[in-house]
Amino acid sequence: MTSFVAWFTSSIVYGTVIMYGALGETLTQKSGQLNLGVPGMVYLGAFAGFAGGFMYEKTAASTNEFLLVLIPLLCGFGGGALGGLLYSLMTVVLKANQNVTGLALTFLGVGIGTFGGIYVLADAGFLSFATARETAALFNMNINAYIEAGVFGEMFLSYGFMVYAAIILAIVMFIIMRRTRVGLNLRAVGESPATADAAGINVNRYKIVASTIGGGICGLGGMVYVIMYGHGGWTTTNSIEALGWLAVALVIFSTWKPLNAIWGSYLFAFLFWFSNYFPTVTGIVLPTYAPYLLQMLPYAVTTIMIVLFNFRKKKENQPPAALGLSYFREER
Amino acid sequence: MRKFSKTPQEAPVSAGAAAVAADVNVGAKKQKRQPLFRVIKRGTSSICHGLFIRLCAIGFALLVILLFLNGVTGYDFNTIWELLFKGAFDTEFSVNMWLNSTVMLLIISVALAPAFKMKFWNIGAQGQVLMGALLASVVMWYFAEDMSYSGSVFVMLLFGFLAGGLWAFIPAFCKAKLGTNETLFTLMMNYIAIQLVACTVRIWQGGNTSIGLINPNSEAGWLAPLFGNPYGAIILIAAIVVVFMTIYLNRTKHGFEITVVGDSPNTAKYAGMNTAKIIMRTVFISGAICGVVGMLYVSGVEHTLAETLGGSYGFTAIIVAWTAKFNPVVMVLVSMGIAFFERGAVGIRNTTTQLNDYTSYILIGILLFFLIGCEFFVNYKIVPGEKVSEAYHKFRAKLEQKAPWLVQGCAWCAAALHKASATVEKFFTTAENKVKGMAGKLCRGALDKTVEAVEQCAFRIVLRGDKYKTVVYEKEEHAPSSPTAAEDASADAPESAVCEGEKEEVRND
Amino acid sequence: MAEAAVSFKNITKTFGEVVANRDVTFDVKKGEILALLGENGSGKTTLMNMLSGIYYPDHGSIEVNGEEVTIRSPKDAFALGIGMVHQHFKLVDVFTAVENTVLGLTRKQEKYSLKAAARRMKDICDKYGFEIEPKKKIYNMSVSEKQTLEIVKVLYRGAEILVLDEPTAVLTPQETEKLFNVMRNMREDGKSIIIITHKLNEVMEISDRVAVLRKGEYIGTVNTADTDEHELTDMMVGRKTDLNIRRTEPTGEKPLLEIRDLVVKNDEGAVAIDGMSFYIRGGEILGVAGISGCGQKELCEAIAGLRKVYKGEINHMGDSIIGLSPKAIIEKGIAMSFIPEDRLGMGLAPSLSVTDNMMLKDYKNATLTFKEGDAEHKAKKLPAFLWPFVDRNRARKKAEEIIEELDIVTPSTETPVRRLSGGNVQKVLVGREMQAGPNVIITAYPVRGLDINSSYTIYDILNAEKEKGTGIMYVGEDLDVLLALCDKIMVICHGKLMGVVHADKTTKEEIGLMMTGALDLGAVKTEKHFGIASDTNIDEEDLAAMRQRDAQTEEEEGE
């Protein structure tokens with residue numbers, strides 16, 4: 001039983017990371033921008049958040065708990081937002097091709113992220129392992145540690161606040177998009193920029209703001225990965241980049257609806273950890289290649305969904321109609 | 001048929017309307033905010049202008065790169081350059097690595113060119129490469145030892161080709177028949193491919209930690225060095241692919257169809273082209289060549305299978321292909337440049353602990369961003385808006401009162417500059433036209449002669465039987481009248497002579 | 001009485017060389033329905049676009065409620081209480097009606113509340129007599145519902161002056177009646193409505209006054225009660241001007257293209273061509289007149305194989321070409337050319353050179369030239385797979401030929417066609433289609449946007465083809481040109497054939513009446529004789545002479 005609980009809890013944490021990435025990219029895509037630079041922005045946020053926390057920890061004489069939480073948050077968000085801003089300026093102002101710019105951003109982001117991380121580590125003297133211990137501890141602070149509510153507590157209350165924040169963020173995004181004027185305008189920009197323009201909405205402004213904030217949210221995901229999931233330890237692996245692409249898949253899987261992203265991210269994470277925990281839970285041994293087949297599932301399912309979109313033709317499940325298309329108001 | 005009538009419900013309506021109508025007076029007085037600058041699309045742009053902008057972009061990119069490296073390592077610019085060059089070209093080994101990188105990147109870019117020309121965004125190059133690698137390595141693992149060298153290479157090539165092609169065909173089919181978004185589809189296929197490869201690797205691994213090299217002792221299925229260079233065969237294949245694609249895109253019927261479909265799908269339909277078939281066929285070829293690259297990796301470079309095969313070249317190539325705008329010469333140059341930075345970064349990395357493997361990502365990322373961004377300046381020009389030009393004129397008038405000589409001097413300088421640039425522009429345009437003309441004639445001439453020679457051979461072979469009738473004209477008869485009849489004849493179906501005769505009669509009615 | 005809601009004073013607007021509006025001055029009174037009448041190209045849409053902020057006049061001014069205003073964007077127009085309902089709806093498909101209505105409104109204007117907005121919408125609907133379901137999604141709506149929504153949108157923003165652009169074009173008669181009632185209600189409420197239309201019967205029914213534009217100039221305004229359809233048509237089309245277009249005598253040939261009971265649907269699924277039957281004969285130019293949007297585009301596309309035919313027959317020299325794709329038509333050797341109205345979007349590939357566009361239709365044919373001494377052999381068409389290369393030399397020669405023949409101004413044969421001016425683009429298109437040596441040519445608005453010289457060149461080309469015995473179907477919008485160039489003119493109104501008349505025996509007025517649906521010769525014509533049109537003003541003698549001529553031709557053919 002305990003291993004099932006362990007499976008559950010690690011899925012939730014891992015899923016949170018994916019969720020942030022997906023929520024950020026959903027916001028971006030709702031404005032009609034297809035930003036393939038998600039891994040880059042996640043990486044930037046991971047690095048910036050980690051560096052912020054780590055440096056503060058190291059350089060401050062005595063650390064203020066509040067700042068220990070705030071600085072990584074701001075840095076993580078800022079790092080991703082910078083990436084999103086760069087992307088949107090290129091695609092909206094300089095009218096560059098969205099696919100190509102997004103991929104270039106992935107390059108740059110991954111490069112800066114990994115490079116910067118190692119740079120910071122080298123600076124710290126630890127060439128392979130550096131931790132922002134106190135920061136991580138704060139982020140991993142949870143209710144259950146105090147209450148000790150047994151299994152239930154472990155399953156639902158033992159997470160750092162970022163996990164709950166993610167769910168709240170998803171709900172907030174849902175409310176904004178469905179129930180407010182800003183959300184309506186945003187959706188219009190993504191569906192039919194010409195109509196939005198005719199209605200007096202500043203299409204470019206919406207796109208830039210949405211991409212920037214979306215990038216910031218993706219960055220938060222990266223930060224959560226390093227600090228919460230990795231307990232403040234920075235290791236250079238490929239897994240952050242893979243997370244980025246999983247997030248993109250999740251955006252499609254959740255049909256661009258933030259609420260779907262909640263359970264979708266947990267599902268993806270659950271599948272990710274399947275091969276780790278399944279043997280211990282059920283006693284059935286899986287072949288060594290099983291993890292990869294399972295990790296293929298999210299992508300395969302998403303692909304099938306892409307095809308099915310065209311059959312079911314339910315318009316609400318389609319991508320935003322103007323996704324990936326640049327909007328130019330014609331010279332009259 | 002409801003007539004208008006005053007009802008008690010009228011109150012909320014008028015209240016609401018009043019709120020909106022209150023805006024009327026406000027709006028009428030408010031002038032629309034004038035934009036500061038206007039962006040106008042350039043009608044035409046000479047090649048020189050485009051080249052100039054791109055060189056500027058590369059220059060800026062280099063500056064930023066040097067500044068970055070300087071900041072991180074503390075080396076001065078010269079040292080950096082030296083190290084970069086050393087990293088790329090110092091030893092034979094590094095030169096070979098540079099060549100290899102260039103060539104792999106080049107082939108994938110060339111593979112993407114036809115798909116992009118058709119506005120089909122094939123983001124799945126990475127996956128197609130991996131699938132080609134997968135099937136090729138399967139052949140290598142299970143069958144290569146029982147086959148001859150050329151046999152194994154041929155089979156591996158074939159399987160690589162088919163695997164990559166099929167992998168690309170699936171999204172193409174869905175796009176052509178169902179209208180799915182190909183960007184997302186091909187993107188997802190990448191990760192499915194990665195997992196499939198990872199899975200296969202683990203299966204083969206068995207209990208070990210890695211596969212190691214496949215067939216290390218027999219070297220079965222390994223591409224032998226050609227012309228003394230371990231990557232010689234790959235370079236040869238690259239050259240063939242580049243030439244083939246250039247001819248394919250520019251000279252063949254398929255290439256023509258691709259161009260038309262990419263330019264204007266409506267025109268393609270009007271001309272009777274089967275757009276769906278063209279899309280599927282082209283994307284298949286695109287993926288197939290990527291699959292061949294995968295096979296080359298397995299057989300010629302790594303001699304093993306890994307899901308990290310090809311690194312990120314699948315994605316880099318997308319940007320290369322797009323930046324080069326389907327021009328093979330540019331693709332070669334850009335590939336060389338990127339490979340240079342990659343190898344150079346390794347060189348620098350080895351001399352200092354300040355850098356690491358991922359430096360190349362940053363360098364390449366910077367370069368790519370500048371290249372992408374400069375497109376804007378090639379296609380558009382910035383024209384000051386009314387407010388700005390008004391302000392400018394006011395300022396100028398004021399200045400004229402205070403210091404007329406300054407204004408005159410500036411005007412004179414501006415005029416001189418204008419004239420100078422006009423002359424330079426003229427020189428370049430005439431030079432460009434001349435070169436284009438000459439190059440065009442040369443290329444056209446050479447290609448034409450080759451094609452003509454092949455034509456004559458083919459003609460003789462085909463005409464050996466009497467299957468296709470010949471119509472003989474004496475040279476003098478090539479007067480205006482015959483082309484019409486000839487054109488008409490060429491438009492007819494190859495049916496019996498009787499049918500044709502009838503049609504002729506009707507024409508002369 | 002009522003003061004002017006809108007005053008146009010000396011409005012002039014030019015696009016390049018074309019003068020869209022020249023010195024237009026008139027008023028729209030408060031609380032009236034004014035019909036703005038004019039043919040295609042008369043400048044009415046341009047004028048209204050200036051009122052709604054899409055264009056800005058070059059000269060002149062606009063006054064609203066007595067005050068001079070500057071309208072530089074749709075937002076300005078909204079602020080002034082002007083709302084325009086365009087022909088192409090600006091709606092987001094996946095939104096509901098309410099969401100589309102409140103889109104773009106700022107907090108200053110009203111608080112965001114879909115419920116309150118829905119209530120307000122309902123109030124507006126009740127007030128004027130619309131029916132709208134606020135929660136319905138756009139993609140579930142019919143065309144008339146969408147149009148109703150557009151009007152409600154405009155009213156919601158407090159428009160006092162409404163402009164409706166061809167509102168009844170997409171409506172059934174019942175829906176039109178409902179719309180008119182709504183308009184009457186709005187008028188009672190003090191709103192001023194400008195309705196752009198061609199349909200004289202509707203003008204007579206709904207409007208208070210009629211303002212007429214012709215070829216960019218303002219002709220006059222009359223009270224609807226004091227006028228009738230004939231006078232309006234007169235004002236609309238004016239006197240016939242002599243264009244000096246040479247018209248050669250038709251050579252009285254057999255029909256090359258026969259259309260019977262054709263039914264074609266348009267993109268939205270509505271019936272565009274409703275049971276038409278006509279002929280195109282060799283050596284004759286059949287003009288097609290009709291208000292744009294009456295189905296001409298669909299008719300041309302159906303004949304060319306670009307649009308599915310719902311019912312009916314199309315026979316080219318006896319062979320049915322229904323269901324054949326353009327490729328099949330080309331391959332079958334059916335020598336039919338289609339010059340579409342969309343030159344750069346359909347007829348030509350804009351980024352390709354003149355040479356490449358030349359071989360757009362026959363690039364698959366490889367006629368290899370084989371030299372043997374002084375003689376040149378030419379093989380017949382080879383199957384495509386035998387020869388992968390395109391023959392640019394042949395295409396280039398063709399390009400050079402037509403550049404010379406038609407006096408096309410282009411830097412070279414390799415220039416992308418989108419760099420050429422409109423007239424030259426059209427010449428390239430026409431030249432290519434003629435080169436194929438067709439015996440039937442379908443051409444839609446070939447001289448639209450061209451200067452005088454290019455237009456006359458096109459007319460000459462068409463006449464030359466006619467003399468060769470080609471049958472030409474000419475869809476045009478300038479009645480003067482149709483009357484001068486064509487031998488017979490076919491008039492379409494709402495997808496129905498109103499009549500086929502001889503150009504030299506009819507008047508502009510008669511055609512105008514047919515175009516607006518006021519005159520239906522289909523009912524007058526009793527006998528469908530081969531090749532004879534029925535004008536109302538053709539007399540028995542001429543009729544007999546024509547019958548005799550046709551009988552002679554029949555004998556000669558021996559069929």
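Two residues are taken to be in contact if their C-beta atoms, placed from the backbone, lie within 7 Å. On this basis, in the predicted model described here, 80% of the contacts in chain A between residues at least 6 apart in sequence join residues at least 24 apart. The secondary structure of chain A consists of 14 helices and two strands. Of the 332 residues in chain A, 55% are buried.

Chain B contains 18 helices and three strands. Its 509 residues include 38% that are buried. Among the contacts in chain B with a separation of 6 or more, 77% are between residues 24 or more positions apart. In chain C, 19 helices and 22 strands are assigned. Buried residues amount to 51% of the 559 residues of chain C, and residues 24 or more positions apart account for 69% of the contacts in that chain with a separation of 6 or more.

The largest nonpolar core has 394 residues. The residues with the most contacts inside this core are A:Ile18, B:Ile107, B:Ile108, B:Ala133 and B:Ile318. Helix H11 of chain B, residues 275-302, provides the largest share of the core, with 15 residues. Chain C also takes part, as at least three residues of the core come from each of domain 1 (4-237) and domain 2 (242-335 + 437-559) of that chain. In soluble globular proteins, nonpolar side chains tend to be buried together. When residues up to four places away in sequence are not counted, A:Ile18 touches A:Leu243, A:Leu246, A:Ala247, A:Leu250, A:Ser265, A:Phe268 and A:Ala269.

Helix H11 of chain B also packs against helix H6 of chain B, residues 149-178. The axes of H6(B) and H11(B) are 6 Å apart and form an angle of about 145°. The crossing of H6(B) with H11(B) is right-handed. The contact of these helices is made up of 21 nonpolar, eight polar and two charged residues.

Elsewhere in chain B, B:Trp204 lies in helix H7, residues 182-205. Apart from neighbours within four places in sequence, B:Trp204 is in contact with B:Trp141 and B:Ile211. B:Asp146 is 58 residues away from B:Trp204 along the chain, and the C-alpha atoms of B:Trp204 and B:Asp146 are separated by 19 Å.

The domain assignment of chain C gives domain 1 (4-237) and domain 2 (242-335 + 437-559). Between these domains, 16 residues of domain 1 are in contact with 14 residues of domain 2. On the side of domain 1 that touches domain 2, the elements giving two or more residues are helix H7 (200-206) and helix H8 (229-237) of chain C. H8(C) supplies the largest share of that side, six residues. By class, the residues on this side of domain 1 are five nonpolar, six polar and five charged.

Chain C also meets chain A, with 15 residues of chain C in contact with 16 residues of chain A. The side of chain C that touches chain A comprises nine nonpolar, one polar and five charged residues.

Individual positions in chain C were also considered. C:Arg392 belongs to helix H13 of chain C, residues 392-406. C:Arg392 is classed as buried because it has 23 C-beta neighbours inside 10 Å.

Positive phi values occur at two residues other than glycine, described here in turn. C:Tyr445 has a phi near 45° and is located in the loop between strand S19 (440-444) and helix H15 (452-468) of chain C. With 23 other C-beta atoms within 10 Å, C:Tyr445 is buried. A:Thr255 has a phi near 45° and is placed in the loop between helix H12 (239-253) and helix H13 (258-282) of chain A. A:Thr255 is partly exposed, because 17 other C-beta atoms lie within 10 Å.

Notes: Residues are numbered from 1 along each chain as its sequence is written. Chains are lettered from A and ligands numbered from 1 in the order in which they are written. This is a predicted model: local features need pLDDT of at least 70, side-chain atom pairs count only at pLDDT 80 or more; totals for chains, interfaces and linings use all residues. Helices (H or I, at least four residues) and strands (E, at least two) are DSSP runs, numbered from the N terminus. A residue is buried if 20 or more other C-beta atoms lie within 10 Å of its own, exposed if 12 or fewer, and partly exposed in between; C-beta atoms are placed from the backbone. A nonpolar core is a set of buried Ala, Val, Leu, Ile, Met, Phe, Trp, Tyr and Cys residues joined through C-beta atoms within 7 Å. Domain bounds come from an automatic or database domain assignment. Ala, Val, Leu, Ile, Met, Phe, Trp, Tyr, Cys and Pro count as nonpolar, Asp, Glu, Lys and Arg as charged, and the others, Gly among them, as polar. Axes are lines fitted to C-alpha atoms, for helices over the stretch in contact, and angles run from 0 to 180 degrees between N-to-C directions. A crossing is left-handed if the near helix is turned anticlockwise from the far one by less than a right angle, and right-handed if clockwise.
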